[in-house]
Amino acid sequence: MSKIEIQTTQNVAIDYEAGSLMDRVIGCILDFVVVAISSLILWLLLLSITGSEILSVILILPITVFYSLAFEVFNNGKTLGKMAMGLQVVRLDGQEARLNDFLTRWVFRSIDITGTFGTLAVIMVTVTKNHQRLGDFVANTVVIKTKPTYAIDLDNVLKKKSAEGYEPVYPQSLRFTEDQMLILKSSIDRYQKYPNEAHTEVIKTLSKQVAVKMEIPEPKKKLDFLKQVLKDYVILTR
């Protein structure tokens, strides 16, 4: 299982599972099937209306050409094939992917996929550190699984049976989302593994932000505080 480290805008590094080559190939095939079937249906419909085969082809051409670009731009980096395989295109630096990022990936499809029948894309995804095809490399994007590999760890923080008779210290923990708790857990794990100055500052920042969100005074023992918030969240939501 290959991992990709992405630095979030909160300056927290999160490990995501890289989209596997097989998943990406199957997703690409699914997209091709979707485009082929929808284009055929639309072409037959337009043909019955216009009576012109050439005009019908011209009218459906934008669908076949701009399908992947349009879906990635308007569907948060996911075509229908990527959605089916649980994949998403994101920026490697953690910033939100923009139109020019998706446009760059799309332009290089003519080299990565179309021009080389996918050979270059397969080679690049296989040999590069972050499993990027040429378009990804130029656009600074990566294809990840839509859930971090450690997402299941929230269910393993505590045994479900320990919820019986449990009184949460911070019921306000329900104000947070699961994604926010995943970031919190990742930060705690990294600090405990690498208790350096940078990760200490992250813990301090998160402690302050969490206390503000819950509208309570910030406790002195910041790490213990964050662990308790995480524990309460897991118990209350499981």
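A salt bridge is a side-chain nitrogen of Lys or Arg within 4 Å of a carboxyl oxygen of Asp or Glu. The model shown here is predicted.

**Salt bridges**

How many salt bridges does a search of the whole structure find? The search gives 12. Three of them are set out below.

| Pair | Closest N and O atoms |
|---|---|
| Lys82 and Glu72 | 3.1 Å |
| Arg91 and Asp93 | 2.5 Å |
| Asp112 and Arg133 | 2.6 Å |

Start with Lys82 and Glu72, which form a salt bridge. Lys82 sits in helix α3 (residues 80-85) and Glu72 in helix α2 (residues 53-74), so this pair ties together parts that are 10 residues apart in sequence. Is Lys82 buried or exposed? The cut-off for buried is under 20% relative accessible area. Lys82 has 13% relative accessibility, so Lys82 counts as buried. Glu72 has 3% and is buried too.

Next come Arg91 and Asp93, which also form a salt bridge. Arg91 is buried, at 9% relative accessibility. Asp93 is partly exposed, at 28%.

Asp112 belongs to helix α5 (residues 109-114), while Arg133 is placed in the loop between α6 and α7 (134-139). The pair therefore ties together parts that are 21 residues apart in sequence. Asp112 is buried at 0% relative accessibility. Arg133 is buried, with a relative accessible area of 4%. Some salt bridges share partners, and these join Arg24, Glu72, Lys82, Arg105 and Asp136 into one network.

**The nonpolar cores**

In soluble globular proteins, nonpolar side chains tend to be buried together. Here the largest nonpolar core has 18 residues. Met181, Leu184, Val210, Met214, Phe225, Leu226 and Val229 have the most contacts inside it. Which elements give two or more residues to this core? They are α9 (178-193), α10 (197-214) and α11.

Take Leu184 as an example. Leaving aside neighbours within four places in sequence, Leu184 is in contact with Leu206, Leu226, Val229 and Leu230. Another core lies apart from the largest one and has 10 residues, including Ile4, Ile6, Ile14 and Val90.

**Helix α11**

Helix α11 covers residues 222-237, which makes 16 residues. From its first C-alpha to its last, α11 reaches 23 Å. That is close to the 22 Å expected at 1.5 Å a residue. An α-helix has 3.6 residues a turn, so residues three or four places apart point the same way.

Leu21, Val25, Ile29, Phe32, Val33, Ile37, Ile41 and Val122 make a nonpolar surface patch of about 690 Å². Which helix gives the largest share of the nonpolar patch? Helix α1 (residues 21-50) does, with 7 residues. Val122 lies in helix α6 (residues 119-127). Val122 is partly exposed, with a relative accessible area of 34%.

**Positive phi values**

Most residues other than glycine have a negative phi, and most peptide bonds are trans. Asn76 has a positive phi, near 55 degrees. Asn76 is found in the loop between α2 and α3. Asn140 has a positive phi as well, near 60 degrees. Where is Asn140 placed? Asn140 is in the loop between α7 and β4 (141-145). At 29% relative accessibility, Asn140 is partly exposed.

Conventions: Residues are numbered from 1 along each chain as its sequence is written. This is a predicted model: local features need pLDDT of at least 70, side-chain atom pairs count only at pLDDT 80 or more; totals for chains, interfaces and linings use all residues. Side-chain values use heavy atoms; hydrogens and water are left out. Helices (H or I, at least four residues) and strands (E, at least two) are DSSP runs, numbered from the N terminus. The expected span of a helix is 1.5 Å times one less than its number of residues. Patches are made of residues with over 30% relative accessible area and no salt bridge: like charges are joined within 9 Å, nonpolar side chains (Val, Leu, Ile, Met, Phe, Trp, Tyr) within 5 Å. Accessible areas come from the Shrake-Rupley method with a 1.4 Å probe; for residues, only the protein chains shown count as cover. Buried means under 20% relative accessible area, exposed over 50%, partly exposed in between (1.4 Å probe, protein chains only). A nonpolar core is a set of buried Ala, Val, Leu, Ile, Met, Phe, Trp, Tyr and Cys residues joined through side-chain atoms within 4.5 Å. Contact means heavy atoms within 4.5 Å.
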